[in-house]
Amino acid sequence: MTTVSFKGVDRQETVKKQRPVNLDLRTISMPATARASILHRVTGVAMFFALIFVIWAWAVSLSSPEGFQAVKDVMTGFIAKFIAWGTITVLAYHIIGGIRHLIMDMGHWEELQSGNNSAKAAIGLWVIVAALAGVWLWF
């Protein structure tokens with residue numbers, strides 16, 4: 001312990017000199033709740049960028065019959081379908097995660113075990129919805 005004097009008042013501070021430092025992110029094990037929270041934030045940012053594609057498609061398709069046909073032709077390509085799938089999946093997880101957060105705001109799933117279970121369920125449901133969206137778009 002060290003003693004620090006500030007304006008005539010002595011205060012004791014605890015300073016750890018030998019702190020463990022782990023900068024290798026691959027070795028850090030995050031609980032499901034942390035993964036769900038980070039994924040909710042990432043999908044929110046991804047939705048913002050996905051709006052560029054969505055707004056472009058809406059604007060061009062509503063401009064004229066030729067614009068509509070041009071967007072329709074673009075949407076048959078693999079890259080456009082992949083972007084659409086990504087947009088649908090990030091929107092789906094953000095909605096699922098948002099519903100989970102709303103339920104938690106009402107006082108449910110706040111305990112450690114139920115919070116972990118709800119996070120795992122949200123991620124599992126999202127994987128199923130993402131797979132179904134892929135089937136819907138490509139088949």
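The largest share of the lining of the largest pocket, six residues, is contributed by α1. The structure is a predicted model, in which local features require pLDDT of at least 70 and side-chain atom pairs count only at pLDDT 80 or more, whereas totals for chains, interfaces and linings use all residues. Residues are numbered from 1 along each chain as its sequence is written, and side-chain values use heavy atoms, with hydrogens and water left out.

Both α1 (32-63) and α3 (78-105) supply at least two residues each of this lining. The lining consists of M47, A50, L51, F53, V54, A57, V71, M75, A84, T87, I88 and L91. A pocket is here an open set of points on a 1 Å grid over the protein atoms alone, where a 1.4 Å probe fits, with protein on both sides within 12 Å along at least five of seven lines; lining residues have an atom within 4 Å of a point. The volume of the largest pocket is about 210 Å³, taken as the space filled by probe spheres set on the points, which are joined across faces, edges and corners. By class, the lining divides into 11 nonpolar residues, one polar and no charged (nonpolar: Ala, Val, Leu, Ile, Met, Phe, Trp, Tyr, Cys and Pro; charged: Asp, Glu, Lys and Arg; polar: the others, Gly among them).

The chain contains four helices and two strands, in the order β-β-α-α-α-α from the N terminus. These elements are DSSP runs numbered from the N terminus (helices: H or I, at least four residues; strands: E, at least two). Of the 139 residues, 22% count as buried, that is, under 20% relative accessible area with a 1.4 Å probe and protein chains only. Among contacts (heavy atoms within 4.5 Å) between residues at least 6 apart in sequence, 61% join residues at least 24 apart.

For α1, 32 residues at 1.5 Å a residue should span 46 Å, which agrees with the 45 Å between its end C-alpha atoms; the expected span is 1.5 Å times one less than the number of residues. A bend of about 30° occurs in α1 at A50, given as the angle between axes fitted to the seven residues ending there and the seven starting there. Buried positions in α1 are A32, A36, H40, T43, A50, F53, V54, A57 and S61, and these pack against α2 (65-74), α3 and α4 (112-138).

The 27 residues of α4 should span 39 Å at 1.5 Å a residue, in agreement with the 39 Å between its end C-alpha atoms. Its buried residues, including W126 and L137, pack against α1 and α3.

Definitions and conventions:
Buried means under 20% relative accessible area, exposed over 50%, partly exposed in between (1.4 Å probe, protein chains only).
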